[in-house]
Amino acid sequence: MGYLDNILFAIVLGFGIGFFTINIRKIVRNIKLGNDINRFDQSASRWGNMALIALGQSKMIKRPVAGMLHVIVYVGFVLINIEVLEIVIDGLFGTHRIFSFLGLLYNVLIGSFEILALLVLVAVIVFLIRRNVIRLKRFISSDLKGWPKSDANYILYFEIVLMSLFLLMNAADFHLQNIPGGFGHYHKAGSFPVSQFLAPIFNGVNESTVMLIERGVWWLHITGILIFLNYLYFSKHLHILLAFPNTYYADLNPKGQFDNLASVTKEVKLMMDPNADPFAAIPADENAVPGKFGASDVQDLNWVQLLNAYTCTECGRCTDSCPANITGKKLSPRKIMMDTRDRLEEVGRNIDANKGIFIPDNKTLLNDYITAEELWACTSCNACVEECPVNISPLSIIMDMRRYLVMEQSAAPQPLNAMMTNIENNGAPWQYNQQDRLNWKNEN
């Protein structure tokens, strides 16, 4: 019977990891739909970014209350799941607390995990209250209705269940360890500063029944972890995994420094070269990648921007700090990232349904998901980039889509068109002849 349990566990584990691997491969495939961009330079700075921001949570704690609660959940959830390694080994080989040979260190670890589990429960309950009772503004915005709102709550419920199962499993284990004369393979191992107070609920219960409860909760706990692991693909909590590569590949240039199109830069340099023949054809660049100016769909963005979309935590700090959104404009940087991810997933499903080939579906990110009104509301102030706890840049997507509107569709707002016309004709944004530019000094 013991071997059957081990075999069943191996099958469950295999299915859980197998589905997770399939989903990860889909994410990687979808991200690779983006254009190439070099983010492999300055490795020392990139490793430092990842350590400070993704691991150290340095940007998260800028808002102390939410930041510290998140750190508790993050640290607690990650460290507690170290015990998953022990659960996996015990499940495969039929052992009981295989790492208990570590003695005092093992006691300290299990005790620490229990205290962290309790803190995680408290933090998650506070998060639920903030979202559903206090209803903070950034959690009740129109761009967070429907699935995004439900998803955030599902994650919190999941964490409550997993932490509760962990403590209940330990409480039953602790009870069985302390049965006079011993019981089965439940030898004394570990320290249980929290679950020992739950153990009395098993007093007077038949030992075999307690063992069945312990085994049942053990199975629910590990199965729940595998379900949660696969749920990440459909959830905003994918950032648990992607925050690390996202912060590593983030733009290291100063905020406010925008990229220039190589083809446009080449034309401008030729125009400014006094020795260039203005009537000569511009020589073709053999290394140039054919395409269009800017971005109208996800395939026009670069792979880092698509990684950004999958990494978005939907926390709303970007939208909360956006001056356009604060003043009532339609723009929400959070929605920009959510829309990009939704469209990317739609393109991925299209590819899956057509045996690896994308069949045009008469839809684009621009207009079908993100409107021109949203794009032109942006002040390009970089507040969203500064606020994001995992270094996402909604602004880069906004600017690429604006570039498409201007350079491909000539669809800039009238004031912007007037300004560009003045620059072309007068060398300045204003509608004055260059010869009259200094006349203002004579007005007094």
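Set aside the neighbours within four places in sequence, and L331 still touches C322, A324, N325, I336, E374, A377, C378 and I398, contact here being heavy atoms within 4.5 Å. The model is a predicted one, so to speak of local features takes a pLDDT of at least 70 and side-chain atom pairs count only at pLDDT 80 or more, while totals for chains, interfaces and linings use all residues. Numbering starts from 1 along each chain as its sequence is written, and side-chain values rest on heavy atoms, with hydrogens and water left out.

L331 turns up again in the largest nonpolar core, which has 85 residues and in which M163 and L331 have the most contacts. Helix α5 (residues 104–132) supplies the largest share of this core, 11 residues. A second, separate core holds eight residues, among them A171, L176, I179 and V210. A nonpolar core, for the record, is a set of buried Ala, Val, Leu, Ile, Met, Phe, Trp, Tyr and Cys residues joined through side-chain atoms within 4.5 Å. Buried means under 20% relative accessible area, exposed over 50%, and partly exposed in between, with a 1.4 Å probe and protein chains only.

Now for the helices, which are DSSP runs of H or I with at least four residues, numbered from the N terminus. Helix α4 (residues 83–93) packs on α7 at about 120 degrees, the axes lying 11 Å apart; axes are lines fitted to C-alpha atoms over the stretch in contact, and angles run from 0 to 180 degrees between N-to-C directions. That makes α4 and α7 oblique to each other. On the scale used, under 35 degrees is roughly parallel, over 145 roughly antiparallel, 65 to 115 roughly perpendicular and the rest oblique. V84, I87 and G91 of α4 meet W218, H221, I222 and I225 of α7. By class, this contact has five nonpolar, two polar and no charged residues; Ala, Val, Leu, Ile, Met, Phe, Trp, Tyr, Cys and Pro count as nonpolar, Asp, Glu, Lys and Arg as charged, and the others, Gly among them, as polar.

Helix α7 (residues 207–231) also carries N230. This residue is buried, at a relative accessible area of 13%. Beyond its neighbours within four places in sequence, N230 contacts G16, F19, F20 and N23.

The axes of α8 (residues 239–248) and α10 (residues 303–311) come within 9 Å and cross at roughly 150 degrees. The pair is therefore roughly antiparallel. H239, L242, A243, P245 and N246 of α8 face L307, N308, Y310 and T311 of α10 in the contact, a set of five nonpolar, four polar and no charged residues.

Technical notes
Helices (H or I, at least four residues) and strands (E, at least two) are DSSP runs, numbered from the N terminus.
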